[in-house]
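Here is a walk through one protein chain. Keep the sequence beside the coordinates as you read.

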Amino acid sequence: MRSSNPVICVLLAVATLTSFASAADDTLATKKCKCPVAGTEFTVGDAAASTQYKDAKVYFCCPGCMKRFVADQKKYAAKANLQLFVTGQAKQVHCPFAGRDANPDQSVTVDNHKVAFCCGGCKGKAAAAEGDAQLEMLFGEKAFKTGFEIVKK
């Protein structure tokens with residue numbers, strides 16, 4: 001429906017933009033992630049707390065975990081960086097080891113998400129690691145800076 005009334009046009013535009021924003025928020029709200037402190041899994045919409053981190057948000061299962069994170073971000077950085085990737089607030093742009101273009105055929109699944117590498121050597125290095133050692137290797141500060149970037153809003 002079209003209107004020549006400028007007030008109605010502005011109201012329709014605001015309503016349309018609001019619905020797009022809500023749809024984007026709903027998408028993030030339904031993403032599953034893990035608390036970087038406790039490891040508890042939840043959906044972003046059910047998070048009990050959150051804080052700003054690297055121009056994005058990290059979500060927590062409780063306010064106590066958020067306080068522990070804020071007090072020692074270095075300790076939880078790899079898990080927080082992983083959460084940014086899992087929730088779509090960060091995207092992979094290069095191999096986290098070499099900084100070269102990532103090849104989707106050379107990937108390893110981490111927390112149900114594929115991380116791609118430039119070559120079989122980098123993939124093999126990542127595949128050989130497990131648990132927290134693998135997370136630190138792929139999502140620690142150096143690797144995150146090399147291979148990922150925050151998605152601009």
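A contact here means heavy atoms within 4.5 Å. By that rule, and leaving out residues up to four places away in sequence, phenylalanine 60 touches Cys35, Pro36, Val37, Phe42, Ala47, Ala48, Ala49, Ser50, Thr51, Cys65, Met66 and Phe69.

This is a predicted model, in which local features need pLDDT of at least 70, side-chain atom pairs count only at pLDDT 80 or more, and totals for chains, interfaces and linings use all residues. Residues are numbered from 1 along each chain as its sequence is written, and side-chain values use heavy atoms, with hydrogens and water left out.

Confidence comes next. pLDDT is the predictor's confidence in each residue, from 0 to 100. Its mean over the protein is 87, and 83% of the residues reach 70 or more. Over residues 6–24 pLDDT stays under 50, and the model has three contacts beyond four places in sequence for them. Where pLDDT is low, the predicted coordinates should not be read in detail.

Now the layout. Helices (H or I, at least four residues) and strands (E, at least two) are DSSP runs, numbered from the N terminus. The protein has six helices and eight strands. Their order from the N terminus is α-β-β-β-β-α-α-β-β-β-α-α-α-β. Of the contacts with a separation of 6 or more, 49% join residues 24 or more positions apart.

Look at strands β3 (residues 49–53) and β4. Strands pair if DSSP finds at least two bridges between them. These two pair in the antiparallel sense over five bridges. Tyrosine 53 has alanine 56 in β4 as its bridge partner. Two residues lie between the strands of this hairpin, where lysine 54 takes a positive phi near 50 degrees.

Burial means under 20% relative accessible area; exposed is over 50%, and partly exposed lies in between (1.4 Å probe, protein chains only). Buried residues make up 33% of the 153 in the protein. Strand β4 (residues 56–60) is largely enclosed by the rest of the structure, because four of its five residues are buried.

A nonpolar core is a set of buried Ala, Val, Leu, Ile, Met, Phe, Trp, Tyr and Cys residues joined through side-chain atoms within 4.5 Å. The largest one has 36 residues, and Phe60, Leu84, Val110, Phe117 and Phe139 touch the most other members. Helix α3 (residues 73–86) gives the most to this core, with eight residues.

Finally, the cysteines. A disulfide is a pair of cysteine sulfur atoms within 2.5 Å, and the whole structure has zero. For cysteine 33, the nearest cysteine sulfur is that of cysteine 35, 8.3 Å away. Cysteine 33 is buried, at 2% relative accessible area. Cysteine 61 is partly exposed, at 26% relative accessibility.
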